[in-house]
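Open the model in your viewer and keep the selection tool at hand. The stops below go through it piece by piece.

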Amino acid sequence: MKTDSLRPAEANAPHPPVRLGRFRASPPVLDSRRMRTNRIEAFSDGVMSILITIMVLELKAPHDPSPASLARMWPTFFAYVLSFIIIAIYWVNHHHLIHLVARLDSIILWANMNLLFWISLIPWVTVYLGDNHALPFPVALYAAVSVAGAISFFLLRASIARHQREPEFKRLNKKMARKNLIAILIYIAAIVVAFIYTPLALVMIALPAAMYFLPERALENLEH
């Protein structure tokens with residue numbers, strides 16, 4: 001008999017699990033759906049944060065160190081505050097909406113890119129609005145970009161809703177669609193009103209921001 005065929009009985013026994021301290025080593029469990037949406041959310045967050053940075057860099061301090069010269073900058077500062085609030089509202093609602101993605105596809109990706117394109121024009125129209133002291137055409141142009149952004153958000157929400165089958169989400173989606181359409185109609189009306197009474201058009205542009213300032217509570221509940 002060969003000696004190398006002799007093995008201790010313990011060699012054939014099953015090995016005990018490896019323990020690290022008090023914890024047993026085990027493979028991590030990953031949420032695949034969140035992993036799929038992480039990139040689109042991170043990219044969108046980065047774009048919006050850069051846009052806010054660009055806007056604040058456009059706020060130039062006056063050379064004359066007097067309260068009067070600072071007061072003359074009110075159109076620029078007003079345009080900055082309005083645009084900051086609008087981008088912040090887009091970010092908050094985008095955050096909650098992306099978390100409801102049931103299946104990520106190319107339609108959702110391109111709808112998101114379309115939304116980011118129109119949001120990226122906000123710093124440009126903000127400077128144009130502030131430098132021209134809220135004249136009719138700059139206000140109408142700002143409202144036109146706002147229309148495009150609202151339509152883009154409508155398309156993104158609709159593309160995400162295609163894959164949702166929950167009755168609660170379908171009811172909420174109809175409510176969000178009505179709210180979205182109201183915002184689009186207000187922005188379109190603001191384009192016309194800008195050439196009739198400009199201050200009223202500015203109020204109308206700010207009105208959808210007030211509507212969307214707080215996201216739907218039902219949306220937050222459904223997300224969790």
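**Stop 1: helix 5 and helix 6**

Select residues 122-131, helix 5, and residues 136-161, helix 6: these two pack at an angle of about 165°, with axes 9 Å apart. Helices here are DSSP runs of H or I with at least four residues, strands are runs of E with at least two, and both are numbered from the N terminus. Axes are lines fitted to C-alpha atoms, for helices over the stretch in contact, and angles run from 0 to 180 degrees between N-to-C directions. The angle makes helix 5 roughly antiparallel to helix 6; angles over 145 degrees count as roughly antiparallel, under 35 as roughly parallel, 65 to 115 as roughly perpendicular and the rest as oblique.

Helix 5 passes helix 6 in a left-handed crossing, a term for a near helix turned anticlockwise from the far one by less than a right angle, with clockwise giving a right-handed one. Now show side chains. On helix 5 the contact uses Ile-122, Trp-124, Val-125, Thr-126, Tyr-128 and Leu-129, and on helix 6 Phe-137, Pro-138, Val-139, Leu-141, Tyr-142 and Val-145. Contact means heavy atoms within 4.5 Å. The residues of this contact divide into 11 nonpolar, 1 polar and no charged. Ala, Val, Leu, Ile, Met, Phe, Trp, Tyr, Cys and Pro count as nonpolar, Asp, Glu, Lys and Arg as charged, and the others, Gly among them, as polar.

The model is predicted: local features need pLDDT of at least 70, side-chain atom pairs count only at pLDDT 80 or more, and totals for chains, interfaces and linings use all residues. Residues are numbered from 1 along each chain as its sequence is written, and side-chain values use heavy atoms, with hydrogens and water left out.

**Stop 2: the two sides of helix 5**

Which residues of helix 5 are buried? They are Ile-122, Pro-123, Val-125, Thr-126, Leu-129 and Gly-130. Buried means under 20% relative accessible area, exposed over 50% and partly exposed in between, with a 1.4 Å probe and protein chains only. Look down the axis of helix 5: its buried residues fall within an arc of 165°, so they line one face of the helix. The arc is that of the directions from the helix axis to the C-beta atoms. Trp-124 and Asp-131 are exposed on the other side of helix 5.

**Stop 3**

Is Asn-180 buried or exposed? Asn-180 is buried, with a relative accessible area of 3%. Leaving aside neighbours within four places in sequence, Asn-180 touches Ala-150, Phe-153, Phe-154, Arg-157 and Tyr-212. Leu-185, also found in helix 7, is exposed at 57% relative accessible area. Leu-185 and Val-147 are 38 residues apart in sequence, and their C-alpha atoms are 8.2 Å apart.

**Stop 4: helix 7 and helix 8**

Select residues 167-193, helix 7, and residues 198-211, helix 8, which pack at about 165° with axes 8 Å apart. Helix 7 and helix 8 are therefore roughly antiparallel to each other. The crossing of helix 7 past helix 8 is left-handed. The contact includes Ile-182, Ile-186 and Val-193 of helix 7 and Leu-200, Met-204 and Met-211 of helix 8. By class, it has 14 nonpolar, 1 polar and 1 charged residues.

**Stop 5: Ile-98**

Go to Ile-98 in helix 3, residues 74-98. Ile-98 counts as buried, at 0% relative accessibility. Beyond its neighbours within four places in sequence, Ile-98 is in contact with Thr-37, Ile-40, Glu-41, Asn-112 and Ile-160.

**Last stop: the whole chain**

Zoom out. The chain comes to 9 helices and 2 strands, in the order β-β-α-α-α-α-α-α-α-α-α along the sequence. Buried residues make up 39% of its 224 residues.
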